[in-house]
Amino acid sequence: MTPTNQPIAVIGSGVAGLSSVAALKKILPCEDIIYCGDNANVPYSQRSGEEIVALTRHMLDFLRDRQVKVVAIASDTIASTINSAKCGYYDKSYEFPMVSIITPTVINIRDKQLREVGVIGTPFTVQSLELKQQIQAQTPGIQIYTEPVYNLSKRIEQGDFDSAELVQSVQAPVHALLAQHPYLADIVLSCTYAMLIPELFSQAAPEVSFINPAHNHAFAVKSLLKAHRLLREDHEGTLQIYASANLALYPTVFDRMGIKADEAPFLVNFSPAAQ
């Protein structure tokens, strides 16, 4: 297999990363995509940094055996540990490049020249400060207001996309931010589960612009492949799904993300890491 023909990979904690998969399929239709979702160990946001690194390494080792040419990190929680001094820069031990979902979000905020921004993320992402520090490095002087979101992963992994309890989980961080900063116009959805239900956030605050990183994440992957002359052409891309549990949920999410069932004929259970 030539480097150009090698698949691209996406990893996420559970089904959440399928938002990036859907964007990649639109932007890179000729690429073969492998998605690796660790449903058996969600929620990652309630785990320690050491546990997250160990679980992520298990997925990366799995993908290394499949000779992928790039890995898109479609989890803000995982992305908070990639290329982190605290976590030992473990991404450097892999030969393939990784594209964090955090980086294109940071660049998007910089290019918009925002002077203030809200961030709704998992408790781990908010507490790690990785996203906040990257935003401040690219946009000095910006005011950043953060608020954790709870229970999204648990409810969505149970197939809940519209219950009153889920709506309350969405509204709580949005209303908390706006209560303190009533003129806040832009909020980043720094939780990939939130990217599966953007309409609920828009309903919670129609006047706010919610930044969904999935689209920019896909373009960042395309830019990397183009820079390394690894873009594939004249090929009908395929999609393979490897999940550590809860395979039955995936077709439901395919429908929500506009992925046709026949576009993902490979739905395979892979062994989760021991935790």
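Q: Which side chain does the side chain of Asp 160 make a polar contact with?
A: Ser 163, at 2.5 Å between the two side chains. A polar contact is a pair of N or O atoms within 3.5 Å; within protein, one must be able to donate a hydrogen and the other to accept it, and residues adjacent in sequence count only if both atoms are side-chain atoms. This is a predicted model, where local features need pLDDT of at least 70 and side-chain atom pairs count only at pLDDT 80 or more, while totals for chains, interfaces and linings use all residues. Residues are numbered from 1 along each chain as its sequence is written, and side-chain values use heavy atoms, with hydrogens and water left out.

Q: What about the backbone nitrogen of Asp 162?
A: That nitrogen lies 3.2 Å from a polar atom of the Asp 160 side chain.

Q: Where is Asp 160 found?
A: In the loop between α7 (152-157) and α8 (164-180). Helices (H or I, at least four residues) and strands (E, at least two) are DSSP runs, numbered from the N terminus.

Q: Why does Asp 160 count as buried?
A: Because its relative accessibility is 13%; buried means under 20% relative accessible area, exposed over 50%, partly exposed in between (1.4 Å probe, protein chains only).

Q: And which residues is Asp 160 in contact with, leaving aside neighbours within four places in sequence?
A: Arg 155 and Leu 166. Contact means heavy atoms within 4.5 Å.

Q: Switching to Thr 81: buried or exposed?
A: Buried, with a relative accessible area of 0%. Thr 81 sits in the loop between α3 (76-79) and β4 (98-100).

Q: Which side chain does a polar contact join to that of Thr 81?
A: The side chain of Tyr 90, at 2.7 Å. A polar atom of the Thr 81 side chain also lies 2.7 Å from the backbone oxygen of Ile 78.

Q: What does Thr 81 touch, not counting residues up to four places away?
A: Ile 52, Val 53, Cys 87, Tyr 90 and Phe 124.

Q: Now the chain. How many helices and strands?
A: Eleven helices and ten strands.

Q: How many of the 275 residues count as buried?
A: 56% of them.
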